[in-house]
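Colleague: I am new to this structure and would like to learn how to read some of its features. Could you take me through them slowly?

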Amino acid sequence: MAHAHSAPKRRLSFRDVLTDGRIALMLPLGFSSGLPFLLVFSTLSAWLREAGISRTEIGMLSWVALAYSLKFLWAPIVDRYDVPILARLLGRRRSWMALAQIVTAAGLAGIAFGDPQTHLPLTIASALLVAFASATQDVVIDGWRIDAATTERQGMMAASLQLGYRLALICAGAGALYIAEFVNWRSAYLAMAALMGVGLAATLMAPRLDAAAPRERLPFAAAVLEPLTELFRRKGPILIPILALVACFRLPDFVAGVMANPLYIDLGFSKADIANVSKLYGVWVGIAGAFAGGIAVTRLGLWWTLLIGAVIAAASNLMFSWLAVEGGRLDLLVLTISADNFAGGFAGSALVAYMSSLTAPGFAATQYALLSSLYALPGKLIGGGSGAVVDAYGYPILFSATAAIGIPLVILCLVVRRDAMQTVEAEPDGKPALAAQSRA
């Protein structure tokens, strides 16, 4: 890839983006990624409670979410080992994708036929299977996405994936509940299992980017450690601020998000107001923000998009402080949710593109799974204490403090600027550089 540095760069046009089949494929793949999530959480919780299962057991079942946080532990298998038989037909990435989708559908069918009242162990086992297979699907879809396109296209790839993901959440949430209400729960889950065919069709249509067995087989321990040591070896000391930036980039969103709904309730907004503005209108504003972030990566470059995302995502939390001071004004609620969701979507696309740029050919699935687990961890840990801050100091102080996180984020962006710009400059426009290298 020595020619990559000397190749003249041509800025992507909107025609390039709109006619890119790889970006279009991320829509059904995002749908397939998002569909199982609610079906083992809130949607399943509704069925379990209706069936008379105790709140304690329902709460314990939520531990299946650990599969999504721990997926980096088995991501090396996706990077290093082939699926027997299927890999020869589809290649490594697509074979893992197809297997994960088929197993997810089978798990959803298992939930459908395992009535919680009479076969609760089957329901629990099926939910665990769905969570594990779904988390594996997320790993391999991210690996394929990174292999398929250059860094400057990753913003739009991520935006398309987010749109598919959000549409799937509507199907798995409201859609499944409607079917359960007017038919029954078994039909709802069987319908969701059938919808996994959307992702399977996209997998079969996706271009094959890898050979069946391009690398030597390693012991599993080495397969786990090699992606990590490669990242440290390639980045050197700059990796420390890079990981700090990834870990803290969405921290304002995660911490503020825990207290957003309690704020709305405390200000006297009705559940209908919250649902209409936050859960319906806000979702589409977030999607618009995601596509704006994708376009910004294409037109402005990775570093400027990352910097803008860090600033607006943190600064948007000041809107919650304003809302808390002004009280239950519906117009201000709409404005606050508009600013927060747009900024969150924009920053999300920027972060996905940046994390994608940090991965190396051959290790994309493992390294991205590790980074994506890292970026959510601090928010989950610190967010747990947000209620105590509100009780002690009030909502305006909490949201002002989360907005202030933007200051160290900007400093970290400036520190990693040279590395981010060198990453993009090293890739030629037009061809998916990572995929080309992984085939070599």
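Colleague: How many residues apart are R145 and D142 in helix α9, and what does that spacing amount to in helical turns?

Modeller: R145 and D142 are three residues apart in helix α9 (residues 120-148), which means that about one helical turn separates them. Please keep in mind that this is a predicted model, in which local features need pLDDT of at least 70 and side-chain atom pairs count only at pLDDT 80 or more, while totals for chains, interfaces and linings use all residues. Residues are numbered from 1 along each chain as its sequence is written, and side-chain values use heavy atoms, with hydrogens and water left out. Helices are DSSP runs (H or I, at least four residues), numbered from the N terminus.

Colleague: What do the side chains of R145 and D142 form where they meet?

Modeller: Side chains of opposite charge can pair when their charged atoms come close. A salt bridge is counted when a side-chain nitrogen of Lys or Arg lies within 4 Å of a carboxyl oxygen of Asp or Glu. R145 and D142 form such a bridge, at 3.1 Å from N to O, and a search of the whole structure finds nine salt bridges.

Colleague: Which salt bridge does D253 form, and where is the kink in α15 centred?

Modeller: D253 pairs with R250, the closest N and O atoms being 2.8 Å apart, and both residues are buried. The bend at a residue is the angle between axes fitted to the seven residues ending there and the seven starting there. In α15 there is a kink of about 35°, centred on G257. The buried residues of this helix include D253, M259 and Y264.

Colleague: How many residues does the largest nonpolar core have?

Modeller: A nonpolar core is a set of buried Ala, Val, Leu, Ile, Met, Phe, Trp, Tyr and Cys residues joined through side-chain atoms within 4.5 Å. The largest one has 52 residues, and those with the most contacts inside it are L245, Y264, Y354 and F399. Helix α19 (residues 330-358) gives the most to this core, with eleven residues.

Technical notes: Helices (H or I, at least four residues) and strands (E, at least two) are DSSP runs, numbered from the N terminus. Buried means under 20% relative accessible area, exposed over 50%, partly exposed in between (1.4 Å probe, protein chains only).
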